[in-house]
Amino acid sequence: MDFETRAIHEGQEPDPATGAIITPIYQTSTYVQDAVGEHKGYDYSRVANPTRHALETALASLESAEHGVAYSSGLGATTTLMHLLNPGDRVVLIADVYGGVYRMTSQVYEPKGYRFDYLPAEDFTNLAEHLDEQTRMVWIETPSNPMLNVIDIRAAAEAAHAAGALLVVDNTFATPYLQRPLELGADVVVHSTTKYLGGHSDVVGGFAATNDPTVAERLRFLQKSLGAVPGPFDCWLVLRGIKTLAVRMRQHCLNAAEIAAVLAQNPRVERVLYPGLPTHPGHAIAAHQMRDFGGMVSFLAESPEEAERIAAATRLFQLAESLGGVESLVEVPARMTHAATADAPFAAPPNLVRLSVGIESAADLVDDLEQALVPAAARSR
Ligand SMILES: *Cc1c(COP(=O)(O)O)cnc(C)c1O
């Protein structure tokens with residue numbers, strides 16, 4: 001079955017007890033057993049819950065995965081994945097990794113003896129030279145947050161495997177509708193379902209999927225043992241979100257492409273970062289490994305002051321962290337989502353503006369950006 005059909009039906013059969021077409025929110029912590037150890041597959045909701053199981057089945061299918069495990073947040077998924085490693089192990093990450101992941105690696109795991117090296121996107125073309133015997137994991141985002149860098153997933157997987165390392169791809173920006181890393185050789189795909197998968201800015205959640213049975217068994221064990229599990233209502237919200245993922249992503253991509261083109265023409269914009277633009281260094285790879293180029297657009301304003309002025313001057317684009325909802329958002333990563341990277345090997349440029357382009361009317365969104373990009377002096381004339 002096609003993606004759109006699986007998003008609506010996979011793991012979401014009508015409720016066997018009542019016929020309810022929508023998977024119920026099984027808001028329960030425990031399950032009554034017929035005899036000691038005799039139950040219907042559920043004994044305690046940290047271990048298993050039917051609403052969570054439906055979400056894990058549906059999302060795994062969308063990522064072409066045999067196994068899916070849901071977590072309390074994207075960082076809940078990330079910290080669980082870090083427990084696949086031991087102190088002394090080395091991880092190579094893309095330099096402009098999500099700020100919260102950098103905070104975790106540098107301030108939580110590095111002091112415990114884990115080793116992290118951050119590689120600029122352009123150095124991934126010779127990734128093999130940067131891996132050694134201690135490297136157990138390569139961690140990429142593509143497109144990356146917030147610089148929209150693109151990494152060749154197939155090439156990264158080959159280099160990682162040659163060094164005996166796992167390739168983890170954070171697929172939050174692309175979503176499985178646009179890109180399926182496991183099909184390209186990645187070992188694990190990880191998500192913040194808070195973003196496009198939930199899609200309505202009303203839930204925080206995370207997810208990981210794999211086709212490696214050993215990794216899957218360990219992730220399931222760690223889910224139960226570390227306890228970063230999502231509640232049933234949150235699972236239900238994400239399950240509801242993914243039913244419309246395909247139609248939402250199509251509109252996000254159309255709107256973002258139009259906005260990127262308009263911004264590229266604007267004299268007050270120094271540079272637009274959007275993989276859909278032929279001038280983007282990752283355009284050819286993105287065109288090859290993605291169905292379309294996504295809903296995130298970043299651009300460099302003339303100065304840090306100008307970036308902050310623009311972010312405050314938009315009216316439809318609300319000034320807020322997060323992304324991937326139906327409503328458009330604007331932010332300045334250096335002062336907001338990526339403040340934790342200020343003294344990192346990679347620091348978000350202070351004049352960078354990041355847009356999460358929603359699914360409102362593209363014409364309205366363009367009008368909003370154009371009025372915000374007119375400087376105050378010209379507006380008062
Ligand atoms: C938001 C985000 C995360 C963290 O997810 P949470 O759900 O906020 O914990 C990780 N990676 C990327 C790319 C993100 O955008």
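This is a short tour of one predicted model, stop by stop, with a note on what to select and what you will find there.

Before you click anything, know that local features here need pLDDT of at least 70, side-chain atom pairs count only at pLDDT 80 or more, and totals for chains, interfaces and linings use all residues. Residues are numbered from 1 along each chain as its sequence is written, and side-chain values use heavy atoms, with hydrogens and water left out.

**Stop 1: the ligand**

Select the ligand and the residues around it. How many residues surround the ligand? There are 13, and the closest are Gly-74, Asp-170, Ser-192, Thr-194 and Lys-195.

Now zoom in on the oxygen atoms of the ligand. A backbone N or O atom of Gly-74 lies 2.8 Å from one oxygen atom of the ligand. From the side chains, a polar atom of Ser-192 lies 2.8 Å from a ligand oxygen, and a polar atom of Thr-194 lies 2.7 Å from a ligand oxygen. Taken alone, the ligand exposes 380 Å², and the protein buries 91% of that. These areas come from the Shrake-Rupley method with a 1.4 Å probe; for residues, only the protein chains shown count as cover.

Stay with Lys-195 for a moment. Its charged end sits over the ring of Tyr-98, 5.2 Å from the ring centre. For this to count, NZ of Lys or CZ of Arg must be within 6 Å of the ring centre and within 35 degrees of the ring normal. For another case, select Arg-291: its charged end sits over the ring of Tyr-177, 3.9 Å from the centre.

**Stop 2: helix α4**

Next, select residues 99-109, which make up helix α4. Helices (H or I, at least four residues) and strands (E, at least two) are DSSP runs, numbered from the N terminus. Eight of the 11 residues of α4 are buried, so the helix is largely enclosed by the rest of the structure. Buried means under 20% relative accessible area, exposed means over 50%, and partly exposed is in between (1.4 Å probe, protein chains only). Which elements cover those buried residues? They include α3 (74-82), β2 (90-94), β3 and β4.

**Stop 3: aromatic pairs**

Show the aromatic side chains. Rings of Phe, Tyr and Trp (its six-membered ring) pair if their centres lie within 6.5 Å; planes under 30 degrees apart count as stacked, over 60 as edge-to-face and the rest as tilted. By this rule the count comes to five aromatic pairs. One of them is Tyr-31 with Tyr-42, a tilted pair at 5.5 Å centre to centre and 35 degrees between the planes. Both sit in the loop between α1 (3-9) and α2 (50-62), 11 residues apart. Tyr-31 counts as buried, at 16% relative accessibility.

Then go back to α4 and pick Tyr-102 together with Tyr-118. Their rings are edge-to-face, 5.3 Å centre to centre, with 65 degrees between the planes. This pair links helix α4 to strand β3 (residues 115-119), 16 residues apart. Tyr-102 is buried at 10% relative accessibility, and Tyr-118 is buried at 16%.

**Stop 4**

Select Thr-142, in the loop between β4 (135-141) and α5 (153-162). Is Thr-142 buried or exposed? It is buried, with a relative accessible area of 0%. A polar atom of its side chain lies 2.9 Å from the backbone nitrogen of Ile-151. Leaving aside neighbours within four places in sequence, Thr-142 is in contact (heavy atoms within 4.5 Å) with residues including Val-169, Asp-170 and Gln-289.

Look at the backbone here too. A cis peptide bond joins Thr-142 and Pro-143, with omega about -10 degrees. Another cis peptide bond joins Asn-145 and Pro-146, with omega about 15 degrees.

**Stop 5**

Finish at Thr-337, in the loop between β11 (329-331) and β12 (352-356). Thr-337 is buried, with a relative accessible area of 11%. A polar contact of 2.6 Å joins its side chain to that of Glu-331. Such a contact is a pair of N or O atoms within 3.5 Å; within protein, one must be able to donate a hydrogen and the other to accept it, and residues adjacent in sequence count only if both atoms are side-chain atoms. The side chain of His-338 makes a polar contact with Thr-337 as well, at 2.8 Å.

Thr-337 also touches Gly-99 and Ser-322, among others. Click on Ser-322: its phi is near 75 degrees, a positive value in a residue other than glycine. At 28% relative accessibility, Ser-322 counts as partly exposed.

Conventions
A residue is near a molecule or strand if one of its heavy atoms lies within 4 Å of it.
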